[in-house]
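Let's take a walk through this model, one piece at a time. Have the viewer open and follow along.

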Amino acid sequence: MAKRLFDILIAFIAIIILIIPCVFISILILQTSSGPVIYWSRRTGSNGTHFMMPKFRTMQVHTPEVPTDKLSDPEKYLTPIGSFLRRSSIDELPQLLSVLIGDMSLVGPRPALYNQYDVISKRKVFGIDILKPGITGWAQINGRDHLSIKEKISLDYEYFKKQSIFFDFKILLKTINLVIKPRNISH
């Protein structure tokens with residue numbers, strides 16, 4: 001209950017602070033590529049349920065729905081500002097709405113695509129699948145794109161065992177630092 005209240009409070013404050021920059025980003029997306037501003041991605045939430053997760057669109061409309069690292073040439077699919085939005089993690093800001101709705105938490109394992117069966121099944125084995133997925137997480141701040149699935153699952157499990165409001169707050173602070181000084185981002 002405390003985690004949910006924490007999520008709602010922080011997400012609400014962040015939305016108020018970021019509404020003007022989000023409008024500006026939306027205009028940039030519309031001016032630099034054709035298609036919608038928001039990309040809705042089918043993701044796996046807690047207990048294997050599916051939900052639609054919003055992101056600022058960074059890829060062309062015709063991009064296959066697979067993890068970016070599975071694309072043969074991800075760069076050819078990026079919009080003109082897509083790389084910047086991804087490196088800065090600005091593309092994740094619409095997920096604050098998912099936190100308010102209750103599909104996501106601020107902190108938790110990153111939501112797997114509905115077709116990332118290897119990640120989904122391994123999370124289930126360790127009981128991690130009961131957690132709400134997060135905008136950021138322990139694996140995100142400890143390697144992000146440069147981690148193997150095994151390493152991500154291990155870090156997700158470590159989070160599962162150590163989770164608390166204080167641990168979430170620590171992860172959020174480290175996330176802010178990584179947004180200011182990005183590293184370990186492939187695309």
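Start with Asn-47, which sits in the loop between β1 (38-44) and β2 (50-56). Keep in mind as you look that this is a predicted model. Asn-47 is not a glycine, yet its phi is positive, at about 55 degrees. Is Asn-47 buried or exposed? Its relative accessibility is 52%, and because the cut-off for exposed is over 50%, Asn-47 counts as exposed.

Now zoom out to the strands on either side. β1 and β2 make a hairpin, with five residues between them and Asn-47 in the turn. The two strands run antiparallel and are joined by seven bridges. If you want a landmark in the pairing, look for Trp-40, which stands opposite Pro-54 in β2. β2 itself is mostly covered, with five of its seven residues buried.

There's another positive phi to check out. Ser-89, also a residue other than glycine, has a phi near 65 degrees. You'll find Ser-89 in the loop between α2 (82-87) and α3 (95-101). This time the residue is buried: Ser-89 has a relative accessible area of 17%, and the cut-off for buried is under 20%.

On to the interior. In soluble globular proteins, nonpolar side chains tend to be buried together. Here the largest nonpolar core has 26 residues, and Leu-106, Trp-138, Tyr-159 and Ile-171 are those with the most contacts inside it. The top contributor is α7, with four residues. A second, separate core has eight residues, including Val-37, Phe-56, Leu-85 and Ile-90.

Pick Leu-106 and see what surrounds it. Setting aside neighbours within four places in sequence, Leu-106 is in contact with a list of residues that includes Phe-6, Ile-10, Leu-96, Val-99, Ile-135 and Leu-172. Asp-7, Gly-134 and Thr-136 are among its contacts too.

Last stop: a helix pair. How do you describe one? Two packed helices are described by the angle between their axes and the distance between the axes. For helix α4 (residues 117-126) and helix α6 (residues 149-162), that angle is about 35 degrees and the axes are 10 Å apart. Their crossing is right-handed. On the α4 side, the residues are Asp-118, Val-119, Lys-122, Arg-123 and Phe-126, and they meet Ile-149, Ile-153, Asp-156, Tyr-157 and Phe-160 in α6. Sorted by class, this contact has six nonpolar and four charged residues, with no polar ones.

Conventions:
Residues numbered from 1 in each chain as written. Predicted model: local features only at pLDDT ≥ 70, side-chain atom pairs only at ≥ 80, totals over all residues. Heavy atoms only, no water. Axes fitted to C-alpha atoms, helices over the stretch in contact; angles between N-to-C directions. Left-handed = near helix turned anticlockwise from the far one by under 90°. Contact = heavy atoms within 4.5 Å. Nonpolar A, V, L, I, M, F, W, Y, C, P; charged D, E, K, R; others polar. Buried < 20%, exposed > 50% of the residue type's maximum accessible area, 1.4 Å probe, protein only. Pairing = 2+ DSSP bridges. Core = buried A, V, L, I, M, F, W, Y, C linked by side-chain atoms within 4.5 Å.
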